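Trainee: Could we go through this model together? I would like to understand what stands behind each label.

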Amino acid sequence: MTDHQRYVAKGTAHVKLKAKPEVVDVAFVLLPKFTMLAFSSAIEPMRMANQLAQQVLFRWTVWSDDGKPVACSNGVPVVVDGPWADARPEGIVLVVSGVEPEGKASVALGDWLRALWRRGRTVG
């Protein structure tokens, strides 16, 4: 599957860009019982921007602790690309949690995020 096929949804509306911007890579790490609204509020504007521009402006990957689907706070499981420990993210790394984040993030995840930050990644 090409980047265009994966990240650019079909749609009738589009916007011409004057220049080809640099692609922004975003890695999402989903924690158990994350809030679906937070995740969709982050990823949907990127999808829409790609659709409107008719080109890849944003690429994203989705990770979990064990590489298995993660159930969000409403119980809906979300499929991920793999375990975050296998990820070598470029660009931005965003951790998506819920309203009760205590005990959801491991020490190992914190160490991984700090290492990424020290190497110049934007972590949020």
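Mentor: Gladly; we will go from the sheet to the helices and then to the loops.

Mentor: A word on the ground rules: this is a predicted model, with local features needing pLDDT of at least 70 and side-chain atom pairs counting only at pLDDT 80 or more, while totals for chains, interfaces and linings use all residues. Residues are numbered from 1 along each chain as its sequence is written, and side-chain values use heavy atoms, with hydrogens and water left out.

Trainee: What makes E1 and E2 a pair?

Mentor: Two strands pair if DSSP finds at least two bridges between them, and strands themselves are DSSP runs (E, at least two residues), numbered from the N terminus. E1 and E2 have six bridges, in the parallel sense, so they pass the cut-off. One of the bridge partners in E2 is Thr-61, which faces Ala-27.

Trainee: And what makes E2 and E5 a pair?

Mentor: E2 and E5 (residues 82-83) share two bridges, again parallel, and at least two are required, so they qualify. Trp-63 has Gly-82 in E5 as its bridge partner.

Trainee: Why are E5 and E7 called edge strands?

Mentor: The open sheet has five strands in the order E5-E2-E1-E6-E7, with parallel pairing. E5 and E7 each pair on one side only, and that makes them the edges.

Trainee: What makes the unit of E1, H2 and E2 right-handed?

Mentor: The test is to point the strands away from the viewer: a crossover is right-handed if the path from the first strand over the helix to the second runs clockwise. E1, H2 and E2 form a β-α-β unit that is right-handed. H2 lies across E1, E2 and E6, at about 150 degrees to E2; such angles run from 0 to 180 degrees between N-to-C directions, with axes fitted to C-alpha atoms, for helices over the stretch in contact.

Trainee: How do you know that H3 has the span expected of a helix?

Mentor: The expected span is 1.5 Å times one less than the number of residues. H3 (residues 107-118) has 12 residues and reaches 16 Å from first C-alpha to last, close to the expected 16 Å. As for the name, a helix is a DSSP run of H or I with at least four residues.

Trainee: How do you know that one face of H3 is buried?

Mentor: Buried means under 20% relative accessible area, exposed over 50%, and partly exposed in between (1.4 Å probe, protein chains only). In H3, Leu-109, Gly-110, Trp-112, Leu-113 and Leu-116 are buried. Down the axis of H3, the buried residues fall within an arc of 160 degrees, so they line one face; the arc is taken from the directions from the helix axis to the C-beta atoms. Val-107 and Arg-118, on the other side of H3, are exposed. The buried residues pack against E1, E6 and E7, where contact means heavy atoms within 4.5 Å.

Trainee: Why is Gln-55 called buried?

Mentor: Its relative accessible area is 17%, which is under 20%, so the term applies. Gln-55 sits in the loop between H2 and E2, and its contacts beyond four places in sequence include His-4, Leu-17 and Pro-21.
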